[in-house]
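Here is a short briefing on a protein and DNA assembly. Look at the sequence and the structure first, then read the points below.

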Number of protein chains: 2
Amino acid sequence: MLQVSRPTISDVARAAGVSKGAVSFALNNRPGVAADTRERILAAARELGWTPSSRARALSVSRAFAVGLVLARKPETLRADPFFPSFIAGVEQELAAHDYALLLQVVADQQREHDSYRRLAHGGRVDGVFVTDLLVDDPRIALLAEIGVPAVVVGPALGGGFFPAVGVDDKPGVAAAVQHLIDLGHTRIAHVAGPAAYVHGTSRKQAWAETLAAAGLPEGPCVETDFSAESGAAATRTLLDLAEPPTAVVYANDVMAMAGLAVAHARGVDVPGELSVVGYEDTELAAHVQPPLTSVATDVVAWGGAAARRLLELVDGREATEPDLESPRLVVRASTGAPAR
Amino acid sequence: MLQVSRPTISDVARAAGVSKGAVSFALNNRPGVAADTRERILAAARELGWTPSSRARALSVSRAFAVGLVLARKPETLRADPFFPSFIAGVEQELAAHDYALLLQVVADQQREHDSYRRLAHGGRVDGVFVTDLLVDDPRIALLAEIGVPAVVVGPALGGGFFPAVGVDDKPGVAAAVQHLIDLGHTRIAHVAGPAAYVHGTSRKQAWAETLAAAGLPEGPCVETDFSAESGAAATRTLLDLAEPPTAVVYANDVMAMAGLAVAHARGVDVPGELSVVGYEDTELAAHVQPPLTSVATDVVAWGGAAARRLLELVDGREATEPDLESPRLVVRASTGAPAR
DNA sequence: TTGTAAGCGTTATCAA
DNA sequence: TTGATAACGCTTACAA
């Protein structure tokens, strides 16, 4: 593993018979260096196998060329969530194009999350951060504003935020799901909701309630969960145990919907004959369970790309370009059907 | 967002009436600075809200204080894989304790992956890297050796590697699964394997074959897949269509096993009555499908921690401490039972 | 125990 | 169009 000391810009300058400044200019192809000199410099660089040191560059221009993503999740709940891998893939695509890197931190609780943001931004390791899993009245906003680090909230713009928000609004997707069930003839439509502390947890619930109200239907039963399969199964049992159980359930994610499917199956409740089931996320498995799961699909990769683009714009002080993210769309499969009469 | 310029070490030094060197020594609490002076310095730092610039530190000590993880996966296959979120959570725990950061890159293909490694290491953005999804005769090993960057292979030590390998061997888990089926009385045990190009794909297959051989049973049918639910479903159809279909199938991951469960269900094949099904990974959903899935569980978080520890040791030139990772264990649930006679 | 000064490898300023 | 030279903010010999 013989650490050969890498060539520096001075070595290249010497080899090309020019000054360091000239090398820097040639590399970042900026005007002020003759074409043939530039060529000679680049050749020397290639020859020596020189790559500029990002550390030196970072210090010199006071930039980290990296942005941060802090996930405050327990490993168990993180691994069941297909959102982040896709989101990160989208983020990376955009960052790579600008030679930016993604610094990822996974922390156990909110206290550590705050410490993480503080260390990252304050120590100058990142030029900006993403804020995901936005809470209702999220304390991180004030924290980041105080630190003075550019940030982008990953979620729908709900108006009046201190930081720009980039993301897909859940509401149309949930609304489409509920409307689909209404169109099929359902009148008792339940919701298995995510944690009310999260903005997306509550917004999905709201969309469900509003769509029912708009159709003049009574608000069906709603059970709050923690997004886990376990809690989805429990919620399903609770609903099926009601004196008047729902004929359809809209779940806040696919994992819970699949667990619900299994509960129904175990109890001999036919899906969709006796119970229609809708998920959210359209995970890969959704199309491959029995019956295939109707779900709401979002282009999370594009979302990640848009969020990263906005963050880089913010860091660079550039104007915001309008992200064009398509609305979530309902993917209808066999888990939904007309209610039995 | 008023970027207030942060205080520097000189500001602190001035405020405390000492030299920059003294501040540095006090901060990294090293001997050679009187207790009361140290106290005064730290107080001044606190007062000014000073945090050392990691950029300057990185340049000064020629270290990035970060390690890299490059994932060459398509977003679709990445999001279905619960391994990485858990692994990263484990890695992070260890890194955070040493004030190291994780640089994550997600790239689309192998070419870009190589470029990524090169840029990361050569530009000095990271002090070491993880190599995951090891291929049979993986070209990255030579690449990283040439670059001269410390690396840790994430996977079982298969002997004679250039870089240390840290990870859990799949074999005992698969062997336990096959043995479990043999004990139940199965004699036609199939395998739905992962891609043969991957080391873990082939090693799971080998374990299956060897366990059958050891029991004096014929090698059942084996179908190679790409780890996706889609391919798992297709493989299951292929197996069930055989003139003499297997009575049990060991899948290389849970997602495929669950898709297999659905195929069986759709065809009216009773599980476990007519077909026993075993997954690998023990995802959260495994316990909540119908019937609950027998699967092989690994402590991936601990694995991530061990890999990170080894990488930091390598970076620091410290001796390797022996990681104690527990072997994968078979979690028996209702998807496996005695074969019909 | 403390202060001084020389790096680390870039970019940026300013004469030439 | 070029080439010195000074930052950038820290660590670390080396002197005092």
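In this predicted model, 20 residue pairs are in polar contact between chain B and chain A, with both residues of each pair at pLDDT 80 or more.

**Where chain B meets chain A**

- On the side of chain B that touches chain A, these elements of chain B each supply at least two residues: H4, helix H5 (75-79), helix H6 (83-97), strand S2 (101-107), helix H7 (110-122), helix H11 (229-240) and helix H12 (254-267).
- That side of chain B is made up of 36 nonpolar, 17 polar and 13 charged residues.
- Counting residues in contact gives 66 from chain B and 66 from chain A.
- The two chains bury about 5,800 Å² between them, and carbon and sulfur atoms account for 56% of that area.
- How many salt bridges does the rule find across the interface of chain B and chain A? The number is four.
- Arg119(B) and Asp99(A) form a salt bridge, in which the closest N and O atoms are 3.7 Å apart.

**Around DNA strand D**

- DNA strand D is surrounded by 24 residues, and the closest of them are Ile9(B), Lys20(B), Ser24(B), Arg30(B) and Ser60(B).
- Of the atoms of DNA strand D that come within 4 Å of the protein, 70% belong to sugar and phosphate.
- Ser24(B) has a side-chain N or O atom 2.7 Å from a phosphate oxygen of DNA strand D.
- For Ala34(A), a polar backbone atom is 3.1 Å from a phosphate oxygen of DNA strand D.
- Which elements give two or more residues to the surface near DNA strand D? They are helix H4 (54-61) of chain A, and helix H2 (20-27) and helix H4 (54-61) of chain B.
- Ten nonpolar, eleven polar and three charged residues form the surface near DNA strand D.

**Domains of chain A**

- The domain assignment divides chain A into domain 1 (9-52), domain 2 (66-168 + 301-316) and domain 3 (171-297).
- Taken over C-alpha atoms, the centres of domain 1 and domain 2 of chain A are 37 Å apart.

Methods: Residues numbered from 1 in each chain as written. Chains lettered and ligands numbered in written order. Heavy atoms only, no water. Domains from an automatic or database assignment. Near = heavy atom within 4 Å. Polar contact = N/O pair within 3.5 Å; in protein donor to acceptor, adjacent residues only side chain to side chain. Helix = DSSP H or I, 4+ residues; strand = E, 2+ residues; numbered from the N terminus. Nonpolar A, V, L, I, M, F, W, Y, C, P; charged D, E, K, R; others polar. Contact = heavy atoms within 4.5 Å. Buried area = accessible area lost by both parts, 1.4 Å probe. Salt bridge = Lys/Arg side-chain N within 4 Å of Asp/Glu carboxyl O.
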